[in-house]
Amino acid sequence: MATPLSDPSQSPLQTVAVVGLGTMGTGIAEVLAKAGRTVIGIDISEAQAAKCVAALEASTARGVGRGRLTEQERAGILGRVRTSADLRTAADADLVIEVAPESYEVKQQIFRELDGIVRPETILATGTNALSVTRLAAESSRPERVLGLHFFNPAPAMKLVEVVSSVLTAPAAVTAVTDLALDLGKEPVAVGDRPGFVADGLLFGYLNQAAAMYEAKYASREDIDAAMRLGCGLPMGPLALLDLIGVDTARTVLEAMYSASRDRLHAPAPILKQLSEAGLTGRKAGRGFYTYEAPGSAVVVRDTLTPPEGGDLAPGREIHSVGVAGSGTMASGIAEVFAKAGYEVVLAARSAEKAQTAKARIGKSLARSVDKGRMTAEAAAETLDRITATGTYDDFAGVDLAVEAVAEDLEVKRQLFAALDKVCKPGAILATTTSSLPVVACARATSRPQDVIGMHFFNPAPAMKLVEVVRTVLTADDVHATVREVCGRIRKHPVDCGDRAGFIVNALLFPYLNNAIKMVQEHYATLDDIDAAMKLGGGYPMGPFELLDVVGLDVSLAIEKVLHREFRDPGLAPAPLLEHLVAAGCLGRKTGRGFREYAKR
């Protein structure tokens with residue numbers, strides 16, 4: 001059971017009215033009742049109120065069944081909740097939380113009516129994630145008592161609560177609801193009044209970009225979602241998440257964000273309007289970006305856009321041996337992946353010494369796998385024996401696939417591809433692992449551009465399941481088919497994308513990171529609050545500033561510049577704060593200081 005962190009009887013907010021008993025209102029009511037508060041649930045629909053009670057009964061019954069609640073505790077929780085269709089039952093509330101539909105007209109009407117019902121000291125909170133708290137407060141006769149209290153769905157499970165102050169909000173009201181959030185076992189983050197606040201402000205821009213990417217037919221819905229789950233460790237892909245949130249809700253949030261920011265990245269992608277107006281609003285309708293078993297179901301079913309089983313790729317080429325060019329972490333990781341899958345690997349670097357150092361790194365990685373019980377000592381030894389370390393690319397003469405993982409510098413890569421063109425046998429596939437440079441530029445450095453393709457692995461290559469397979473306009477069908485087949489053999493998930501800046505993952509990830517930097521630059525929220533908001537509210541494995549410091553601010557800036565140069569969108573211009581930190585040599589963990597400072601090793 002989620003127990004209060006302090007005695008609820010000491011809180012001034014003992015009785016809480018929740019107006020609007022949909023999924024979010026029901027969840028908030030459950031959280032409050034479990035923390036010892038008296039809850040008045042109010043909804044104009046008696047059927048909805050009854051549904052709320054049934055949901056609470058079912059949820060607490062599950063709690064008893066799993067040993068998290070006793071029958072006595074369950075009875076206490078249910079006994080603290082009463083429902084009504086009459087707003088006047090909020091008269092005794094110390095706090096009212098409205099979770100009505102995202103409409104100024106609806107919410108303002110509720111606040112105007114509450115003015116004539118509740119006591120002067122009662123705090124009025126809106127659960128909006130898109131509308132202006134200030135505008136709602138201005139409609140009240142007590143604007144100093146109005147603020148935002150933004151829970152995340154599902155409220156019983158999600159730890160984050162954004163406490164939103166307007167310029168009119170009294171500090172005492174903010175303190176009271178912040179203390180309540182702590183009593184509820186939540187982690188409150190203080191934010192100012194702007195559409196989307198922190199978590200949704202960053203999340204919905206990213207979701208919008210994903211919708212636009214899909215609408216442009218750059219990648220399939222399945223590949224976009226798989227790329228962000230496997231490449232970034234997110235719990236859901238962006239298009240599946242839009243279906244869960246509701247396509248219409250996302251459109252409303254983005255309209256509010258765009259009206260405030262005028263940033264084109266927030267202008268709702270036209271497909272959101274098309275789906276909304278067609279009634280294809282996501283899971284709740286049974287169809288959105290995906291098709292579901294039934295309205296409200298989470299089970300995706302096949303439709304006309306579902307890729308055929310097994311694909312329809314052309315016959316591929318035979319791949320028995322692989323050359324990996326480079327001596328860094330990525331090169332050694334890729335060589336390890338291929339060797340584990342049974343391929344003979346030639347690992348070539350600029351010197352034999354560098355190549356041997358890279359092979360030794362692979363040996364240590366394999367030893368760790370043995371220590372953790374992931375492979376036997378014999379299998380590790382056999383894997384290492386499949387790798388030949390060399391200081392010359394001439395040893396690539398017999399390989400069927402050559403993968404370069406050298407410095408992210410176009411001229412360096414072009415020179416390498418020109419060299420591979422001379423060394424590799426006819427029919428050998430040449431692949432680049434670039435994350436931001438044009439693959440076609442590498443292809444044009446050879447006399448066989450049809451044999452060149454992108455294979456963007458993610459770091460660390462042995463652990464990360466994703467490979468972005470990047471076709472240029474010159475890549476042959478059988479080369480594409482071969483690389484996809486090879487990805488399956490090395491137990492990676494391939495996603496197809498075209499040869500444009502950022503491919504899928506970086507094109508969606510880095511504008512989100514850039515927008516987080518802008519929030520700090522504008523003093524809207526702190527690094528810690530933004531990182532906490534995205535981990536707790538968005539399910540991200542790392543906050544944006546943690547991730548930036550790991551990736552490296554110089555690397556991040558380079559990718560931002562490439563995206564801005566390619567798409568010419570002012571919203572993609574690198575945040576000046578990022579440029580200043582890079583200019584000062586604060587590059588993240590590798591230099592001991594980036595957005596945060598790190599202890600020297």
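The model is predicted, so local features need pLDDT of at least 70 and side-chain atom pairs count only at pLDDT 80 or more, while totals for chains, interfaces and linings use all residues. Residues are numbered from 1 along each chain as its sequence is written, and side-chain values use heavy atoms, leaving out hydrogens and water.

The largest nonpolar core has 105 residues. Its largest share, eleven residues, comes from helix α18 (residues 505–521). Such a core is a set of buried Ala, Val, Leu, Ile, Met, Phe, Trp, Tyr and Cys residues joined through side-chain atoms within 4.5 Å. Buried means under 20% relative accessible area, exposed over 50%, and partly exposed in between (1.4 Å probe, protein chains only). Helices (H or I, at least four residues) and strands (E, at least two) are DSSP runs, numbered from the N terminus. Among the residues with the most contacts inside the core are Tyr206, Ile530 and Phe545. Beyond its neighbours within four places in sequence, Phe545 is in contact (heavy atoms within 4.5 Å) with Ala516, Ile517, Val520, Leu527, Ile530, Asp531, Phe595 and Arg596.

Asn153 and Pro154 are joined by a cis peptide bond, with omega about 0 degrees. Pro154 lies in the loop between β6 (146–151) and β7 (160–165). Asn459 and Pro460 are also joined in cis, omega being about 0 degrees. The loop between β16 (452–457) and β17 (466–471) holds Pro460.

His523, not a glycine, has a positive phi near 60 degrees. This residue sits in the loop between α18 and α19 (527–538). His523 counts as exposed, at 72% relative accessibility. Arg568 has a positive phi of about 55 degrees, although not a glycine. Its loop runs between α21 (553–567) and α22 (576–583). Arg568 counts as exposed, at 66% relative accessibility.
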